[in-house]
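These are my notebook entries on one protein structure. I set down what I looked up, in the order in which I looked it up.

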Amino acid sequence: RLWARVFGDRLIYPLHAHTPSQLSDALQKLRRVAPTVEAVGLGSLAPLARYQPAKALRLIHYARARIDKHIHVFGAGNSLLAALVYTGLADTADTSSPLQDARYGLTRHPETLAMTLTAPRRAPGRPRAAPQEIAALCSCPACRASPNALAEWGRQGVLARTIHNAYQLLRILEDPEKILQLLLRRPQLARKLPQLHAMASRVS
Ligand SMILES: [Zn+2]
């Protein structure tokens, strides 16, 4: 329903590329095959968004400079999504990260914005947090209903963490200071954004 509200009955033409030259080829095809399409969706970016978000951002920048249409980014993840809101390079984007993270037992800490482990699982190097600590800082429906669910496996636990993670992600995206805080956790990405870079050098 949300998708229909944003796009109505407009067609969205998917472009799959990992490099500027692939994108350039795909664009040439688009001009031949569907010159009047109003919206373009950049796909296959999820692995890049996760492991090389700065490269993904450069590619979207390349696309923005060449495409005079609505640009949607499929599978932007958390950090790249924040960078897109910050830079305004894309018109819309989607992410399944709140659910994917929840499946791994991860819950976003409302203060540090780190993905913390609340469900019992071994993950060396991953910060842990007690569900009660998280719930005390959050007023999402899951935290209000049952903080302990954040630590459970099974459907209930995944659902509670997904609701919490989505709620927290939305709070981040609505608050420029929180966007900066999140982006500064990814130095590789932050270096690509000039103002962030200035801020990062002052911090370090
Ligand atoms: Zn919550």
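The entries below go from the overall division of the chain to single residues.

**Entry 1. Domains**

I noted first that this is a predicted model. I then looked up how the chain is divided. Domain 1 takes in residues 2-95 together with 187-203, and domain 2 covers 105-173. The centres of domain 1 and domain 2, taken over C-alpha atoms, lie 28 Å apart.

**Entry 2. The zinc site**

Which residues are the protein donors of the zinc ion? I found C138, C140 and C143, each through SG, and H164 through ND1. These donors lie 2.1 to 2.3 Å from the zinc ion. I wrote down the spacing of the donor residues in sequence as C-x1-C-x2-C-x20-H. The angles among the four donor atoms run from 100 to 123°, and the site is tetrahedral.

I also checked the accessibility of two of these cysteines. C140 counts as buried because its relative accessibility is 0%. C143 has a relative accessible area of 5% and is buried too.

**Entry 3. The largest nonpolar core**

I turned to the nonpolar residues in the interior. As general background, nonpolar side chains tend to be buried together in soluble globular proteins. The largest nonpolar core here has 38 residues, and L15, L42 and L84 touch the most other members. Several elements give two or more residues to this core, including helix 2 (20-33), strand 2 (39-43), helix 9 (154-173) and helix 10 (176-183). Helix 4 contributes the most, with six residues. I noted that at least three residues of this core come from each of domain 1 and domain 2.

I then listed the contacts of L42, leaving aside its neighbours within four places in sequence. L42 is in contact with L15, L23, I60, A63, I71, H72, V73 and F74. I also found a second, separate core of ten residues, with A129, I134, L150 and A160 among them.

**Entry 4. H70**

I located H70 in strand 3, which spans residues 70-73. Is H70 buried or exposed? H70 is buried, since its relative accessible area is 17% and the limit for buried is under 20%. The side chain of H70 makes a polar contact of 2.9 Å with the side chain of T92. Apart from residues up to four places away in sequence, H70 touches F7, R10, E38, A39, V40, D91 and T92.

I examined helix 5 (residues 79-87) next. Its buried residues include S79, L80, L81, A82, A83 and L84. S79 counts as buried because its relative accessibility is 9%. Beyond its neighbours within four places in sequence, S79 is in contact with L182, L183, R186 and L189. Just after helix 5, G88 takes a positive phi of about 70°.

Which residues of helix 10 are buried? They are K178, I179, L180, L182 and L183. At the start of helix 10, I found a side-chain oxygen of D175 within 2.9 Å of the backbone nitrogen of E177.

S44 has a phi of about 60° and is found in the loop between strand 2 and helix 3.

The phi of L113 is near 65°. L113 is found in the loop between strand 5 (106-108) and strand 6 (115-117). The relative accessible area of L113 is 1%, so this residue is buried.

**Entry 5. S96**

My last entry concerns S96, in the loop between strand 4 (92-93) and helix 6 (97-103). With a relative accessible area of 39%, S96 is partly exposed. S96 and R32 are 64 residues apart in sequence, and their C-alpha atoms are 32 Å apart in space.

Key
Residues numbered from 1 in each chain as written. Predicted model: local features only at pLDDT ≥ 70, side-chain atom pairs only at ≥ 80, totals over all residues. Heavy atoms only, no water. Domains from an automatic or database assignment. Buried < 20%, exposed > 50% of the residue type's maximum accessible area, 1.4 Å probe, protein only. Helix = DSSP H or I, 4+ residues; strand = E, 2+ residues; numbered from the N terminus. Polar contact = N/O pair within 3.5 Å; in protein donor to acceptor, adjacent residues only side chain to side chain. Contact = heavy atoms within 4.5 Å. Donors = N, O, S within 2.8 Å, 3.2 Å for Na, K, Ca; no water. Tetrahedral: all angles 85-135°; square planar, octahedral: opposite > 155°, others 65-115°. Core = buried A, V, L, I, M, F, W, Y, C linked by side-chain atoms within 4.5 Å.
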